[in-house]
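Good morning, and thank you for coming. Please have the model in view as I speak.

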Amino acid sequence: MDTFLQLTASGIALGSVYAMVALGFVLVFKSTDVLNFAHGEFLMLGSFLALTFLVEWNLNIVFAIVAIAFIVAALGVALHYGIMKPLVGQPLFSVVLVTIGIAIVIRAFLLMTYGPLERGRILALPQGQLDIGNLVIPYVDIILFLVSSAAVVIFYIFFKSTTIGLQMRAVAENLEAAAAMGVSPNKVFAVSWGIGALMAGVAGVMYGNFTAVIDLNLAAIGLRAFPAAMIGGLDSVEGAILGGLIVGVSEQLAAGYFGGDFRDVVAFGLMFVVLMVRPYGFFGTKDLIRV
Amino acid sequence: MVAVTTIGVANPVLEIENVTVQFGGLKACNDVTFRINEGELFAMIGPNGAGKTTVINAITGVYSPNPGATIDFTDSGGNRHDLLGQRPHDIVSRGIARTFQNLALFDALTVLDNLMLGRYIHSDVGVLSGGVFWGKALKDELRQREVVERIIDLLEISQYRNEAVGELSYGVRKRLELGRALAQEPHLLLLDEPMAGQNLEEKQDMVRFIADVRSELGTTMLLIEHDMGVVMSIAERIVVLNFGQMIGIGTPEEIQQNPDVVSAYLGTESGV
Amino acid sequence: MSGKYITDYREDLRLIKTTPQRIVLVVGVLATIAIPFILQIDWDPPFDYPWRAWGTALNLALAWAIGAAAFNLLLGYTGQISIAHAAFLIVGSMTGAILGQGAFGLGWSLWVILPIAAVVGAVIGVLVGLPALRVRGLYLFMATLAVHFGAILLFRKYQLATTKFNAITYPAPSIPSWLHWLPFINPDEAGEFLIKGDFRWFWVIMPITSLCIIYMVNVLRTREGRAFVAVRDNDVAAALLGINVARTKLRAFAASSAMVTVSGVLLAYFITARSDESWSIEIILDVAIMTVVGGFSTIRGGVLGAFFFFMAPLWLEWIRGWGFIDSVDWIKKNGANIDVMIFGLAIIVVLVFKPEGLAGLWADIKRYFKQWPFKY
């Protein structure tokens with residue numbers, strides 16, 4: 001039972017990062033219909049930038065998060081105007097493939113800048129731990145959870161109660177109608193890409209404090225956004241949060257009980273089952289796919 | 001699937017009874033009942049939204065009618081099939097072909113490939129024999145090609161043979177779709193507005209093609225058409241639908257004199 | 001205009017119809033035979049380039065060409081977005097290991113394994129294709145991603161059970177002794193003729209690749225191939241032509257997966273060692289580069305893409321050797337990374353400016369010469 005609680009606790013911490021990543025992923029998909037394969041690379045970029053800001057330059061973590069968020073968001077907006085916009089009207093898979101191209105470019109950039117060697121965990125957060133009975137919860141986990149929750153809540157307020165948030169929802173609901181009402185789809189797409197990348201970038205900074213090593217395999221963590229988003233429903237913001245938590249917890253449990261090899265398989269296997277049984281996820285729109 | 005031997009001229013090909021197709025609370029067609037005899041050109045008319053295409057979709061298994069309906073098809077060998085609950089590809093391979101109101105050709109493929117797709121059910125080349133090609137597949141391709149070329153001649157589309165369908169004019173595409181249905185060598189041909197959207201000359205061509213097919217192949221046809229002049233001149237019997245209800249059935253003369261039909265349909269249309 | 005009249009249907013069904021095509025074919029075959037010999041020569045300056053590296057790249061490109069073309073068969077023609085494709089490379093290397101003559105294999109010869117691998121791939125392909133009957137488009141893409149991770153886990157477990165943490169090795173196959181009378185087959189002291197080295201492998205991989213490509217081209221130009229396209233473009237209309245949509249999708253999965261599995265066996269034996277690291281998720285990125293740059297809707301695109309993927313680094317390396325570029329320190333240090341970045345940019349540039357890829361470019365060039373001197 002103790003093991004179970006312990007694994008669940010760290011699963012929730014991990015899951016909250018996934019939730020943040022999945023949220024950004026779903027946001028981009030919801031408003032632009034693009035399945036962003038480079039989402040993991042955005043996260044990885046955040047982690048590597050955190051290395052520079054926190055380890056090399058020893059900057060304040062709050063400042064680093066804000067700065068990295070800004071950089072990654074700017075990259076997201078630039079990608080929209082530079083690459084995604086000219087692709088409007090191309091078949092779906094072309095657009096997915098373009099994001100794979102972006103992913104490869106970011107990987108190559110990171111290889112050039114940081115070299116192929118793996119780096120150790122970032123130690124910018126308090127390193128102690130909280131003991132509750134037999135349960136050991138590192139402070140990092142708690143901070144991870146708090147920051148992710150804060151990011152999710154801020155996003156939620158933004159999405160539900162600001163004008164641009166309303167416009168985003170309008171565009172997601174019906175592009176033509178929104179455009180006819182004077183909403184500029186391009187602006188909304190750009191903002192979506194910006195926020196989507198931002199979420200991944202911030203998650204990357206946090207995850208850099210959590211993971212054992214920082215290397216190019218971090219992109220796989222970004223890919224967890226796929227199962228998280230699918231389980232919740234690809235077009236549902238609430239679903240992404242729930243999906244992230246489910247993936248995080250089930251992954252930690254599987255790794256704890258069956259071994260680390262099962263991490264990927266559990267996350268994606270769970271997604272597979274949900275896809276077959278309930279293709280639109282738990283919160284998604286039912287008519288999203290017709291078979 | 002009981003083999004029946006009916007004596008006399010009126011061998012039924014399609015018998016449908018009490019066909020009702022419902023979408024939510026809306027009945028797209030209600031209690032439609034008619035029978036088409038072998039060699040007959042049977043027309044279905046009615047204003048837009050009367051449920052004509054719905055009936056064709058029910059016959060071909062795209063929609064399933066409400067319980068209590070009967071859709072029986074007798075194939076060229078005299079075997080009777082209950083089409084209810086069967087999947088479209090099974091129904092089609094029994095010997096029913098159709099065209100579509102809004103063209104369903106494969107634009108990326110050439111005219112030839114579209115017609116060859118019509119031959120799909122008459123061939124059994126798979127991924128193995130097709131991959132080996134030389135031998136069975138080549139022989140089959142040549143055989144199917146001959147049938148297809150006859151259709152190309154019949155429909156006068158030989159100059160388009162190797163062109164991608166997406167680049168052809170609407171009229172040619174309509175003709176090609178008839179061709180693809182003919183390539184299936186159907187016992188029953190369902191034509192969903194084959195003349196819609198065409199100019200007078202193209203319509204005349206199409207009427208001529210339909211007449212040619214009937215005289216050469218004797219194919220039984222169900223024709224949906226808006227042009228009353230065409231329908232009255234070539235159909236042997238007509239069923240009239242209005243808001244999903246059958247309001248008349250009979251020979252062109254009977255239909256023209258049917259008061260319900262006149263008030264519901266012909267009364268609002270000119271040029272009978 | 002090429003003024004060639006086709007007078008019967010049999011002639012129209014030939015792949016090679018016109019005189020220029022025949023010339024290209026003959027030149028192509030001669031060049032293909034000559035290339036491995038040319039690469040063997042030790043050239044004197046100024047041609048003293050390490051040509052042997054080309055032999056490896058050529059063999060890799062040929063073996064991958066099967067996989068990339070098969071990917072296009074599924075994606076380009078049938079419209080099924082399946083990432084599980086990379087998983088069949090794993091299936092291939094596992095089949096090769098389990099049945100093969102390695103330390104933990106059953107001891108069968110590669111020549112027996114290849115057709116069996118095709119069958120195994122086809123069967124598993126049908127299983128993997130089953131989700132395609134339930135979900136489509138991006139959802140299928142996601143579902144097959146799960147298959148990929150499953151396959152990696154399976155391979156890792158198999159590797160752990162046999163070779164522990166070492167890579168699985170594949171011994172060089174040999175020509176059966178009853179074929180030793182063939183010309184050019186000179187057995188070594190042990191009385192064996194082992195397939196080793198780029199030169200010998202070329203004569204194994206090249207014919208197999210040719211056969212596989214011809215197989216796929218043939219499938220696509222006959223009944224099932226047309227049905228694939230019909231299912232891709234309009235599945236309702238396809239069903240109303242008597243096409244069993246579900247079965248057709250599964251057939252496409254089977255044919256394509258069989259080919260990729262063959263490719264996986266060849267690659268494993270040619271490279272001689274495979275581990276779970278060899279088949280990471282990055283393999284998907286490689287497949288993406290090949291199929292996008294080549295053009296993801298034709299068989300030709302897959303083949304061109306595979307060649308681009310393996311040959312381009314050699315050209316880039318050669319360019320980097322030029323005096324003034326060679327003197328830039330940063331470029332020298334980041335050579336391979338620059339290649340990766342160029343590949344990524346190539347994907348983006350191709351999709352934005354020329355979505356048909358190299359195959360489209362090829363068609364444009366052909367059209368230009370056919371219609372020359374007219375512009376349109």
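Let me begin with a term: a polar contact is a pair of N or O atoms within 3.5 Å; within protein, one must be able to donate a hydrogen and the other to accept it, and residues adjacent in sequence count only if both atoms are side-chain atoms. By that rule, seven residue pairs are in polar contact between chain C and chain B, both residues being at pLDDT 80 or more.

A word on the source: this is a predicted model, in which local features need pLDDT of at least 70 and side-chain atom pairs count only at pLDDT 80 or more, while totals for chains, interfaces and linings use all residues. Residues are numbered from 1 along each chain as its sequence is written, chains are lettered from A and ligands numbered from 1 in the order in which they are written, and side-chain values use heavy atoms, with hydrogens and water left out.

I stay with chains C and B. Contact, meaning heavy atoms within 4.5 Å, involves 31 residues of chain C and 38 residues of chain B. The size of an interface is often given as the accessible area lost when the parts come together. Here that buried area (accessible area, 1.4 Å probe, lost by two parts on being put together and summed over both) is about 3,200 Å², with 67% of it on carbon and sulfur atoms.

Three salt bridges cross between chain C and chain B; the term requires a side-chain nitrogen of Lys or Arg within 4 Å of a carboxyl oxygen of Asp or Glu. Arg226(C) and Asp113(B) form a salt bridge, at 3.7 Å from N to O. Which helix of chain C gives the most residues to the side that touches chain B? It is α8(C), with nine residues. Helices here are DSSP runs of H or I with at least four residues, strands are runs of E with at least two, and both are numbered from the N terminus.

I turn now to chain A. Its contact with chain C takes 45 residues from chain A and 42 residues from chain C. About 4,100 Å² is buried between these two chains, and carbon and sulfur atoms give 82% of that area. On the chain C side, Arg134(C), Tyr139(C) and Met142(C) lose the most area to chain A, together 18% of what that side buries.

Between chain C and chain A there are again three salt bridges, and Asp261(A) with Arg156(C) is a salt bridge at 3.4 Å, N to O. Five residue pairs are in polar contact between chain C and chain A, both residues at pLDDT 80 or more.

Finally, salt bridges within chains. Over all chains, the count is 33. In chain A, Arg107(A) and Glu41(A) have their closest N and O atoms 2.8 Å apart.

In chain B, Arg145(B) and Glu149(B) form a salt bridge at 2.9 Å, N to O. These two residues are separated by about one helical turn because they are four residues apart in helix α5 (residues 136-154) of chain B.
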